[in-house]
Amino acid sequence: MFHPSAPEVDVPSQELEKKAEVSVLSETPQTNIAQEIVVPDGGARAWLTLLGGWLVLFSTLGYSISFGVYQDLYVVAGASTSSNISWIGSLQQLFLMYCVGFPAGKWFDEGYFHYTQLVGSVLYVFSQVISHRSSTQRRSNFYSPNSFFMLSLADPTKYYQLILSQGIGAGLGSGLLVVPSLSVQAHHWKKRRALAMGLAFTGSAVGGVIYPIMLNRLFDGGAGFQWGVRATAFLTLGLLWIANCVMTTRLPSVNNRVPGPKADIWSILKDGPYMLAIFGSFLVFLGLFFPAFYLQLWVTLHNLSPTLAFYTVAIMNAGSMLGRTGPNMAADIFGHLNVTLPITLILCGLVFAMYGVKSTGAVIIFSILYGCISGAFVSLVPPLMAAFARDLDEIGVRIGLCYFIISFAILTGTPITGALLSSKDQWSRPIIFSGVRGTVAWVWF
């Protein structure tokens, strides 16, 4: 397994907080300030930053992986085909969230952490509350033109407007938030870095439980679709405000930084093992969200309990909480790649197991297991990429570059499985596609 080259530093525990500050040994332009930072693996600032990262992932990725609620709602309502609706889910936050991670990670390394968090928070929340309309303009039908996120600017009968209004604002905002909030954990944790990132990722799992239940109940209750979405926007506003207040970085801000060498993108692109790890992750993400987007539809079309369909996405996300801690803890001990390999293989087997998921008990067990294993893989990717960094000021760009590349797998993977499913609900084709690409990824790793 590849580990960062920076040497371990033995510092008495009572002096960790003092010695964790930046110590510049030279004022020359070639000083690498990241090498002068002691990572404490604990302390008040570390735990508060971890809390902030948890809240960011709750509000962003936790919301995005709840798209199965919308997938089922749109398809059953006849808005469009499964493949077309999947494009909305892939673009809405997920693609842009990962794609924007590359510039966001680079800006983080250059000292713009708090700037990216503030701008990202404002844009993300604005894209949700902009859907406000006056009460005199309300319509009772589900597809009112001013309902979801920026749909006040779109005609819902025009598919291209639906994609533009529902995807871009929240996607760009969450993209500025996610990679910096993960990368900053490396400033406070080294020996337990994978575990810290895994704990931060449990925020997305909890969000993936709360948001689907909240949205389903609000959509089907008295609040309706429009105000149901606004309620989630107000919740997100409060959580991101807290996150911005508690997160800190140990590298100086851009205004206080001594000039020095920046991360060399070309040398990173020539890092063979690092690029191979990215390509393996790309193959896994190509079909990773197939069950998350389609399980609720699967339950509905197989005439199982409507109540079960209501909770499938939440059950899967609850299961992912189990997978985001244990495997990451093991990765800190046995090596990131040594844990990622078996997780990838198990993930492939679970996709093929969907053939037998035709009863209430089977759906519940599958949801828990797939949520657990997929959650483990997602939370292992950032520390795996961070392990290739030569020092702290490369971590953001390495995680961001990985997220940028796999964003194209996220963008195309789910629509491909939707096209394979087709209007005839031929489930074997997307199951085989998703399972085989995972097996190839395991061999590649």
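K106 is partly exposed in this predicted model, at 32% relative accessible area. Its partner is E110: the two form a salt bridge, with the closest N and O atoms 2.5 Å apart. E110 itself counts as buried, at 17% relative accessibility. The cut-off for buried is under 20%.

Searching the whole structure turns up four salt bridges. Next, a linked group. D271, R390, E394 and R398 belong to a network of salt bridges. Within it, R390 meets E394 at 2.6 Å, N to O, and E394 also meets R398, at 2.9 Å. How exposed or buried are these residues? R390 is partly exposed, at 37% relative accessibility. E394 is buried, with a relative accessible area of 4%, and R398 is buried as well.

As background, side chains of opposite charge can pair when their charged atoms come close.

Where is it? R324 sits in the loop that joins helix 14, residues 306-323, to helix 15, residues 326-334. R324 is buried, yet it has no salt bridge. The nearest side chain of opposite charge is D332, 15 Å away. A salt bridge requires the nitrogen and the carboxyl oxygen to be within 4 Å, so D332 does not qualify as a partner for R324.

What does lie by the R324 side chain? The backbone oxygen of F201 is 3.5 Å from one of its polar atoms. Setting aside neighbours within four places in sequence, R324 is in contact with residues including G198, L199, T202, S204 and A205. G375, V378 and S379 are also among its contacts.

Notes
Residues are numbered from 1 along each chain as its sequence is written. This is a predicted model: local features need pLDDT of at least 70, side-chain atom pairs count only at pLDDT 80 or more; totals for chains, interfaces and linings use all residues. Side-chain values use heavy atoms; hydrogens and water are left out. Helices (H or I, at least four residues) and strands (E, at least two) are DSSP runs, numbered from the N terminus. Buried means under 20% relative accessible area, exposed over 50%, partly exposed in between (1.4 Å probe, protein chains only). Lys and Arg count as positive and Asp and Glu as negative; His and the chain ends are not counted. A polar contact is a pair of N or O atoms within 3.5 Å; within protein, one must be able to donate a hydrogen and the other to accept it, and residues adjacent in sequence count only if both atoms are side-chain atoms. Contact means heavy atoms within 4.5 Å.
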